[in-house]
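This report is meant to be read with the sequence and the structure side by side. It takes up a few side chains, their pairings and a pocket in turn.

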Amino acid sequence: MKLFVGILLCSLVLGVSSQRWLTFLKEAGQGTKDMWRAYSDMREANYKGADKYFHARGNYDAAQRGPGGAWAAKVISNARENSQRLTDFFRHGSSGHGAEDSKADQAANEWGRSGKDPNHFRPAGLPSKY
């Protein structure tokens, strides 16, 4: 429901035509799939030190779809990091546990969304499948 309201608001405020609106939705859907594929690959690879690479790759792939994909990548990345901060708070209190990792994840997310090469974060030895 929040997604629908957000898209509706954007289309009204920005005066997006119906054709561009449909393109935006298509890009957002494709970007969501790109993010899911990067997450699935990260889980499958289970490779130490590859977290930032998969963050950057998912955001990069999604942003390459266009404005809708970049928007989806940003929303998904922010939701993921915010939920992680919340669970860390309940597990560890206000100790700041995981705050540095979250900042590093967000930097990798932004790196990918900005169109920079995600291989910058690729760890040595990660199978070429990824």
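Predicted model: local features only at pLDDT ≥ 70, side-chain atom pairs only at ≥ 80, totals over all residues.

N59 is found in helix 3, and its side chain is joined to the side chain of R113 by a polar contact of 2.7 Å.

When neighbours within four places in sequence are left aside, the residues in contact with N59 are M35, A73, K74, S77, N109, G112 and R113.

## The neighbouring tyrosine

Y60 also lies in helix 3, but Y60 is partly exposed, with a relative accessible area of 25%. Y60 and R113 are 53 residues apart along the chain, and yet their C-alpha atoms are separated by 4.9 Å.

Leaving aside neighbours within four places in sequence, Y60 is in contact with G112, R113, G115, K116 and P118.

## Salt bridges around R57

Side chains of opposite charge can pair when their charged atoms come close. In this model the count of salt bridges comes to 9, and two of the pairs described here involve R57.

The side chains of R57 and D41 meet in a salt bridge with an N to O distance of 2.7 Å. Since R57 lies in helix 3 and D41 in helix 2, the pair ties together parts that are 16 residues apart in sequence. Both R57 and D41 are buried, and for R57 the relative accessibility is 9%.

R57 also meets D61 in a salt bridge, in which the N to O distance is 3.7 Å. Here D61 and R57 both lie in helix 3, 4 residues apart, which is about one turn of the helix. D61 counts as partly exposed, at 23% relative accessibility.

## A link between helix 3 and helix 5

D101 forms a salt bridge with K52, and the closest N and O atoms of this pair are 2.7 Å apart. Because D101 lies in helix 5 (residues 99–113) and K52 in helix 3, the pair ties together parts that are 49 residues apart in sequence.

The two partners fall into separate accessibility classes, for D101 is partly exposed, with a relative accessible area of 34%, whereas K52 is buried, with a relative accessible area of 18%.

## The largest pocket

Rolling a probe the size of a water molecule over the atoms shows where empty space is left. The largest pocket has a volume of about 320 Å³, and its lining is made up of 15 residues, of which M35, Y39, H55, I76 and R80 lie nearest its centre.

The elements that give two or more residues to this lining are helix 2 (18–45), helix 3 (51–63) and helix 4 (67–92), and the largest share, 6 residues, comes from helix 2. By residue class, the lining of the largest pocket divides into 7 nonpolar, 6 polar and 2 charged residues.

Technical notes. Residues numbered from 1 in each chain as written. Heavy atoms only, no water. 1 Å grid on protein atoms, 1.4 Å probe; cavity = no way out; pocket = protein on both sides within 12 Å on 5 of 7 lines; lining within 4 Å. Points joined across faces, edges and corners; volume = space filled by probe spheres on them. Nonpolar A, V, L, I, M, F, W, Y, C, P; charged D, E, K, R; others polar. Salt bridge = Lys/Arg side-chain N within 4 Å of Asp/Glu carboxyl O. Buried < 20%, exposed > 50% of the residue type's maximum accessible area, 1.4 Å probe, protein only. Polar contact = N/O pair within 3.5 Å; in protein donor to acceptor, adjacent residues only side chain to side chain. Contact = heavy atoms within 4.5 Å.
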